[in-house]
Amino acid sequence: MSAPQIGDAIPPVKLIDADEAVIDLAAMAGAPLVIYFYPKADTPGCTTEAQDFTRLAPEFAHLGAHVLAVSRDKPAKLCKFRDKYGLTVRLVSDEDGAVCEAFGTWVEKKNYGRTYMGIERSTFLFDREGKLAKEWRKVRVKGHADAVLEAAKAL
């Protein structure tokens, strides 16, 4: 399965949230859907991003939009992360990496001369018909949640 392109349908994959409830992405068509991928729970950039999406949660909800935050962390770690910071964004686990593969966010990274595999901070916005409307790759956290909200308003 290759990463979705603009106009493609939501990939038919399933995830588990922090409370271990199953989420079928394909079944979420009918409302705007934001899926953002972040490297690791309870790290500075990832915490800021989750707090920014939480701050804007009422505005996303007003649009009828769902927001899912995906990492490869276990549900128990996501639950602790959510509770520690009072996050309202729905944290979901992709422990086996299947969803990261489906979205093309599991990539080779380099840091201080070291090469390794990890999640590329990326966001995907699907419209009410379940079609990819916009994507952001190699995201910088500052102002990103606001930009996604503006794009969702334009749908």
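Author: Asp 52 touches Val 141 and Ala 145, leaving out residues up to four places away in sequence. Touching, or contact, means heavy atoms within 4.5 Å. This is a predicted model: local features need pLDDT of at least 70, side-chain atom pairs count only at pLDDT 80 or more, and totals for chains, interfaces and linings use all residues. Residues are numbered from 1 along each chain as its sequence is written, and side-chain values use heavy atoms, with hydrogens and water left out.

Where does Asp 52 lie? Asp 52 is in helix 1. Helices (H or I, at least four residues) and strands (E, at least two) are DSSP runs, numbered from the N terminus. Asp 52 has a relative accessible area of 16%, so it is buried. The cut-offs are under 20% for buried, over 50% for exposed, and partly exposed in between, with a 1.4 Å probe and protein chains only.

Ala 145 is one of the buried residues of helix 5 (residues 144–153). An α-helix has 3.6 residues a turn, so residues three or four places apart point the same way.

What covers that side? The cover includes helix 1 (44–55) and helix 2 (57–62). It also includes strand 3 (33–37), strand 8 (122–126) and strand 9 (132–136).

After helix 3 comes Gly 86, with a positive phi near 65 degrees.

Stay with Phe 81. Its relative accessibility is 1%, so it counts as buried. Its contacts, leaving aside neighbours within four places in sequence, are Tyr 38, Ala 41, Asp 42, Cys 46, Thr 47, Ala 50, Leu 87 and Leu 91. Pro 32 is another matter. It is 49 residues from Phe 81 along the chain, and their C-alpha atoms are separated by 25 Å.

One of those contacts needs a second look. Asp 42 sits in the loop between strand 3 and helix 1. Its phi is near 65 degrees, positive in a residue other than glycine. Most residues other than glycine have a negative phi, and most peptide bonds are trans. Asp 42 is partly exposed, at 33% relative accessible area.

Glu 20 also has a positive phi, near 70 degrees. It lies in the loop between strand 1 (14–17) and strand 2 (22–24). At 58% relative accessibility, Glu 20 is exposed. Pro 11 comes before strand 1. It is buried, at 5% relative accessibility. Between Pro 11 and Asp 24 there are 9.6 Å in space, C-alpha to C-alpha, for 13 residues in sequence.

Now step back. The protein has 5 helices and 9 strands. The order from the N terminus is β-β-β-α-α-β-α-β-α-β-β-β-β-α. The radius of gyration is 14 Å, close to the 15 Å of the globule rule for 155 residues, so the protein is as compact as a globular protein of that length. That radius is taken over C-alpha atoms, and the rule is 2.2 Å times the number of residues to the power 0.38. The C-alpha trace spans about 40 × 35 × 30 Å along its principal axes.

Of the 155 residues, 47% are buried. Among contacts with a separation of 6 or more, 62% are between residues 24 or more positions apart.
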